[in-house]
Amino acid sequence: MINYTEKIPNNIDLGRDRVLQRALEHWQPAYLSWWYDMGPNESHSYEVYLRTAISVEPDGWAQFGYVKMPEYRWGIFLQPRDEKRQVNFGTHKGQPAWQEVPGEYRSILRRIIVTQGDTEPASVEQQKMLGLSCPSLYDLRNIFQVNVEEGRHLWAMVYLLHRYFGRDGREEAEALLARRSGDADNPRILGAFNEPTPDWLAFYMFTFFTDRDGKFQLCALAESGFDPLSRTCRFMLTEEAHHMFVGETGVGRIIQRTCEVMKENKVDDPSDMRALGVIDLQTIQRYLNFHYSVTLDLYGSDVSSNAANYFTSGLKGRFRETKLEDDHQLHDALYPVSEVVGGKIITKDVPALTALNERLRDDYIEEIRDGVGRWQRVIDQAGIPFRLTLPHKGFHRAIGNFAGHFISPDGEVLTAEGWKKHESKWLPSPEDHAFVQSLMCGRVAEPGKFANWIAPPLRGINNQPLNFEYVRFN
Ligand SMILES: [Fe+2]
Ligand SMILES: [Fe+2]
């Protein structure tokens, strides 16, 4: 028997919802066995200084303390309900927001929730081995925090499936625990979530680029006319912010350390930097190119009738939908999309309703650009003449109008052979991966110590000092 208020912090009155309790009684043990199997390797007896969400109040939800991860209190939280909330876009604009699933949209809504839910355990699986090569206890604690919160995000989506979708919801919830990232027979749904995350540079890139895709998808779903989905996503977004912080500062600290070593030793050749045990800026650029391009694919086809349907039916809005000033129905609006015609990239206007994936991708790119600009400042402040750049949107794409084309980072359309010749300059090569992994062959586990290839952060977690014992190994 589960003691609901103790074991599963929630603000959904779980103690009184028998149907949901029964569903969770089956699902929770399966979830835990998934965690033992696919959660961070060898971590089950560690005590980790984690924050746990115990309420949705702005000052009360983050409770810090030592927790063994299998005993983490994965909870179910929705932002409080606004009784006056309406459907804010699409053909149902102006109707009261739906508190139950509209019958006609049941299957697409379930698909949207399952697709989002699937990414959450996938990233835990992708990051499973990284604890063994952490650069510090601070970083180890951070990856574990991200992992338990992705676990909670899975709970959030499973709550919706159990509560609103009956038997098929329960089946989908089980399938979410059965798929495996990168598995040949039963992979995760989306491409980027089947890519390995083999080292810490990849992890920070992933949390910067791919968790931010998570943010934009959650923002679009937070606009949903299906109110429980909206309220669930709003609370998830508060956690997502920390994941992106881990990514941005992680890459920033690697760049900072490389720049320090370059200055101290007056070197700028990648092989010299590598000999000094730091990651050359060129390799960092290649990782950036990879993670950016595979994440852009997550937004889907540039022109998409599914995206139009999701919007028209009021299920998935645009980024900051209610702040936008237009008809929120997109009757006559146009939006520019690019395609490759006769060896050239051209831009043309299409009905905005069909270009909603592209629009969300563009909103994302804008925010990415700012983050990369902040990394650039670290390089500039060190006085090093190196520019980090975002590759062209069409670079290394597998989905949408650029798929099947060979676009250089500068946006030049190349032949397959022309592209191949440069590939190892643009994307991480097996040698790059081998080098990065050679730096990360063991864990740095002494409080206050950091691996040579990364600078310490500016401050600790929850005002703790940098030499705090963020993880106790037991
Ligand atoms: Fe998440
Ligand atoms: Fe995340």
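Glutamate 150 and glutamate 240 are both buried, where buried denotes under 20% relative accessible area, exposed over 50% and partly exposed the range in between, for a 1.4 Å probe and protein chains only. Histidine 153 is buried as well. The model is predicted, with local features requiring pLDDT of at least 70 and side-chain atom pairs pLDDT 80 or more, whereas totals for chains, interfaces and linings use all residues. Residues are numbered from 1 along each chain as its sequence is written, chains are lettered from A and ligands numbered from 1 in the order written, and side-chain values use heavy atoms, without hydrogens and water.

The iron ion (ligand 2) is coordinated by Glu150 (OE), Asp211 (OD), Glu240 (OE) and His243 (ND1) at 1.8 to 2.2 Å. Donors are N, O and S atoms within 2.8 Å of the metal (3.2 Å for Na, K and Ca); water is not among the atoms, so sites may look incomplete. Angles of 90 to 174° between the 4 donor atoms make the arrangement around the iron ion (ligand 2) irregular; four donors count as tetrahedral if all angles lie between 85 and 135 degrees, four count as square planar and six as octahedral if opposite donors are over 155 degrees apart and all others between 65 and 115, and anything else is irregular. Along the chain, the donors of this ion follow the spacing E-x60-D-x28-E-x2-H. Glutamate 150 in helix H4 (residues 137–164) and glutamate 240 in helix H7 (residues 227–265) are 90 residues apart and link distant parts of the chain. Helices (H or I, at least four residues) and strands (E, at least two) are DSSP runs numbered from the N terminus.

The iron ion (ligand 1) has Glu120 (OE), Glu150 (OE) and His153 (ND1) as protein donors, at 2.1 to 2.2 Å. Glutamate 150 bridges the two iron ions, ligand 1 and ligand 2, which lie 3.4 Å apart.
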